[in-house]
Amino acid sequence: MLNKQFRSVLFAGAAAVAVTACGADDVASPGEGNIVVLPSPTPTPTPTPTPTPTPGTAADDCPTGFTNAGVLANNRVCQIPNSIQSALTVPQRDGTIYSMSGRVEVGTDVGGDGAAAGGVSSSLTVEPGVVVFAQSATTFLIVNRGSTFNAPGTATEPVIFTSRQNIEGTTTDADSNQWGGILVLGRAPISNCIGAVAGGTAGCQQLAEGAGPSDFYGGDQAADNSGTISYLQVRYTGRAASANQELQGLTLGGVGSGTDISYVQIHNSGDDGVEIFGGTVNLDHLIITGADDDSLDTDVGYKGAIQFVIGVQNTTGGDTLWEVDSDDDSGFDFTPRQDVKLANFTFIQRKTGDKVIHLRGGPDAAILNGILVGPGTCLDIDQAETVQAANAALDELGPPRIQSVVGSCATGDFDADADTFEATAVNAAGNANNDFNFVSSLVSLFINGSNETAVTPVANITSFSPDFVQVDYIGAVRDINDLWYQSWSCNASYADFGSLQTCAASPVS
């Protein structure tokens, strides 16, 4: 009720009381007697808001659910709990950054069928503009089956996960291995199971590399949803827990197609940039800079589509830009077989003697609208299974579909081994517009020049995957006006994206 209305009601009420008390003969005529004016009611006080800290100073406290861990780089450090067993949101606040220490776990594994005893579905949501750092090399974030990780950053306010050293401003473009990275585990089908279990079933599961003894992924939920990730930077990750047990920048194990992942930069990972173990998730608009091993690695029955990828190795090298694995055993009969579709990518290799793309273990693949540049070999295919005819019994689609891919590689177009798998695959029926004797004219390292613009792109790329966007160019970046990579990413001395941020500089300075 408005104050004016409230006063009118009070005045009328007071008059009625006066009439009752005095009787009819005692009622004063207008202009007679004393008129008592009632005061306006005291307004309800507005709650005092949490004080906004002076710019450049730390907030006084932490939000509920977080532990006050002191001050670093003129910001209040609020530590994320190690076990998140309900919905937790990490809010963007002035003068506040967030930390993780050791293993930070979202939910408890619900199993491949969602019915595991003790399973708990939980969620972690990180608001746009939030910076989270790892306290040590043994720190990592793991999202268990049935739970979700949401990092809905924006082009102007990306979410940043990084190392303590980066917050302190002591990192360089040569650094990596400063924390363990992010692992998202889902219930989508995988091919390599523990025990005598059929691939792609609810009971087919595998342990995540470098994590713990009960960190399983896999199941039979192809459309499983593990959250939404967009405009995310992950800096200075990678840790080898033991031989062949490495943590990447972003690890996706059995992640389903209900998960949205786009606009992600993995910077200076000590192992792979992004590694995908099975599942059906689709990704788009990736930047992978400075991975010490593979920039992109896909394994164990992954079936998905990836479009718009910039991969740039550090000047100190790396391994392949894309390593594709199926079954490592001799039978090549695990199902689901890997069938990955990669389109509109620009890969810049820096390591002499290595290969840009390496297919091994007999995977099925579609390689479309791509640009390969470097001092090594453009393409290496290890097994004849990768180039054999389609075999429905083994879930094979036949030779790799390689269309509108160009290579400018100094060591050679194809791996210099005794087989001819590479040439057989490139020249297979239906493959066209490929040129592995290409002269690159890329501008500013990864932007299409006149030679790239002249290449005929795939005419109907959505026929390979409905998740692809039809474009009229090859490569990840059409021209100097195509700026999808710019505002939200960070720059390195070996890969300048024209962004306002420098990866080695503290993101809170």
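This is a predicted model: local features need pLDDT of at least 70, side-chain atom pairs count only at pLDDT 80 or more; totals for chains, interfaces and linings use all residues.
Helices here are DSSP runs of at least four residues and strands are DSSP runs of at least two, numbered from the N terminus.

Is Trp 488 buried or exposed? Its relative accessible area is 1%, and because buried means under 20%, Trp 488 counts as buried. Leaving aside neighbours within four places in sequence, Trp 488 is in contact with Thr 154, Ala 155, Pro 158, Tyr 231, Leu 232, Gln 233, Tyr 263, Val 264, Gln 265, His 285, Ile 287 and Gln 501. One of these partners, Tyr 231, is 257 residues away from Trp 488 in sequence, yet their C-alpha atoms are 6.4 Å apart in space. The side chain of Trp 488 also has a polar atom 2.7 Å from the backbone oxygen of Trp 484.

Let's turn to Ser 147, which sits in the loop between strand E9 (140-143) and strand E10 (148-152). Ser 147 is buried, with a relative accessible area of 0%.

Which residues does Ser 147 contact, once neighbours within four places in sequence are left aside? They are Val 106, Gly 107, Val 120, Ser 121, Ser 122, Asn 225 and Ser 226. For Ser 122 there is a further detail: its backbone nitrogen lies 2.9 Å from a polar atom of the Ser 147 side chain.

Neither residue is glycine, yet phi is positive in each: near 55° for Ala 73 and near 60° for Asn 74.

How accessible are they? Ala 73 has 31% relative accessibility and counts as partly exposed, whereas Asn 74, with a relative accessible area of 51%, is exposed. The Asn 74 value matters for the label because exposed means over 50%.

Where does the backbone take a cis peptide bond? Look at the step from Thr 335 to Pro 336, where omega is near 0°. Pro 336 is placed in the loop between strand E24 (322-325) and strand E25 (339-348).

Terms used. Residues are numbered from 1 along each chain as its sequence is written. Side-chain values use heavy atoms; hydrogens and water are left out. Buried means under 20% relative accessible area, exposed over 50%, partly exposed in between (1.4 Å probe, protein chains only). A polar contact is a pair of N or O atoms within 3.5 Å; within protein, one must be able to donate a hydrogen and the other to accept it, and residues adjacent in sequence count only if both atoms are side-chain atoms. Contact means heavy atoms within 4.5 Å.
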